[in-house]
Amino acid sequence: MAVDSERNQDVLVGTKPRALVEAAYQRLAHKAAAPGLRTPFSLGAVAAYEWALGRAVEAPVTGAACTGRVPSSHLLTAELDAAVVQLGDPTQPPEGAAQVRGVHDALAWVCGLIDDQP
């Protein structure tokens, strides 16, 4: 999906400017594409950024259908809450938990709940 940078540069994604989320997405997507650097955590964070930018077909944890738009703060926090629930599931396999942790950390950063960008 092409982005009209002039029209969308002031759009917030959660609490962050779109350009900042876009930069985080590009950095991690590039890293996740490199052999040996692809981890479940980075793949989860990339999926979260794609969804937060309105580019994903479905939400990264719940699988909810997407509209092709930047999700509202309500939807971002609902997906973050779903990640918290999955992280508390003791039956979650380690790789799945790492991927959900990536989603969680990316969405927590986008929502302004943590300062460290994944």
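Mentor: A residue is called buried when its relative accessible area is under 20%, exposed when that area is over 50%, and partly exposed in between, using a 1.4 Å probe and protein chains only. This is a predicted model in which local features need pLDDT of at least 70 and side-chain atom pairs count only at pLDDT 80 or more, while totals for chains, interfaces and linings use all residues. Residues are numbered from 1 along each chain as its sequence is written, and side-chain values use heavy atoms, with hydrogens and water left out.

Trainee: Why is aspartate 105 called buried?

Mentor: Aspartate 105 has a relative accessible area of 18%, so the residue is classed as buried, the limit being under 20%. Aspartate 105 belongs to helix H5, residues 94–110. A helix here is a DSSP run of H or I with at least four residues, a strand is a run of E with at least two, and both are numbered from the N terminus.

Trainee: Which residues are in contact with aspartate 105, leaving aside its neighbours within four places in sequence?

Mentor: They are Phe41, Ile114 and Pro118. Contact means heavy atoms within 4.5 Å.

Trainee: Why is valine 100 called buried?

Mentor: Valine 100 has a relative accessible area of 8%, and therefore counts as buried. Valine 100 also lies in helix H5. Not counting residues up to four places away in sequence, valine 100 touches Ala83, Gln86, Leu87 and Gln92. The C-alpha atoms of valine 100 and aspartate 89 are 11 Å apart, and the two residues are 11 positions apart in sequence.

Trainee: Is proline 60 buried, partly exposed or exposed?

Mentor: Proline 60 has a relative accessible area of 28%, so the residue is partly exposed. Proline 60 is found in the loop between H3 and helix H4 (73–87). Setting aside residues up to four places away in sequence, proline 60 touches Ala47, Ala48, Trp51, Glu79 and Val103. Its C-alpha atom is separated by 9.4 Å from that of tyrosine 49, 11 residues apart along the chain.

Trainee: What makes valine 61 buried or exposed?

Mentor: The relative accessible area of valine 61 is 14%, so the residue is buried. Valine 61 is placed in the loop between H3 and H4. With neighbours within four places in sequence left aside, valine 61 is in contact with Glu79, Ala82, Ala83, Gln86 and Val103. The C-alpha atoms of valine 61 and glutamine 99 are separated by 9.5 Å, although these residues are 38 residues apart along the chain.

Trainee: How is the packing of two helices described?

Mentor: Two packed helices are described by the angle between their axes and the distance between the axes. Axes are lines fitted to C-alpha atoms, for helices over the stretch in contact, and angles run from 0 to 180 degrees between N-to-C directions. For H4 and H5, the angle is about 145 degrees and the axes are 9 Å apart.

Trainee: What is the handedness of the crossing of H4 and H5?

Mentor: The crossing of H4 and H5 is left-handed. A crossing is left-handed if the near helix is turned anticlockwise from the far one by less than a right angle, and right-handed if clockwise.

Trainee: How do the residues of the contact of H4 with H5 divide?

Mentor: They comprise 10 nonpolar, 2 polar and 2 charged residues. Ala, Val, Leu, Ile, Met, Phe, Trp, Tyr, Cys and Pro count as nonpolar, Asp, Glu, Lys and Arg as charged, and the others, Gly among them, as polar.

Trainee: How do H2 and H3 cross?

Mentor: The axes of H2 (residues 18–33) and H3 (residues 40–52) come within 9 Å and cross at roughly 145 degrees. This crossing is left-handed. The residues of the contact of H2 with H3 divide into 10 nonpolar, 1 polar and 1 charged.

Trainee: Which elements does the protein contain, and in what order do they run?

Mentor: The protein has 5 helices and 2 strands, running α-β-β-α-α-α-α from the N terminus on. Buried residues make up 36% of the 118 residues.
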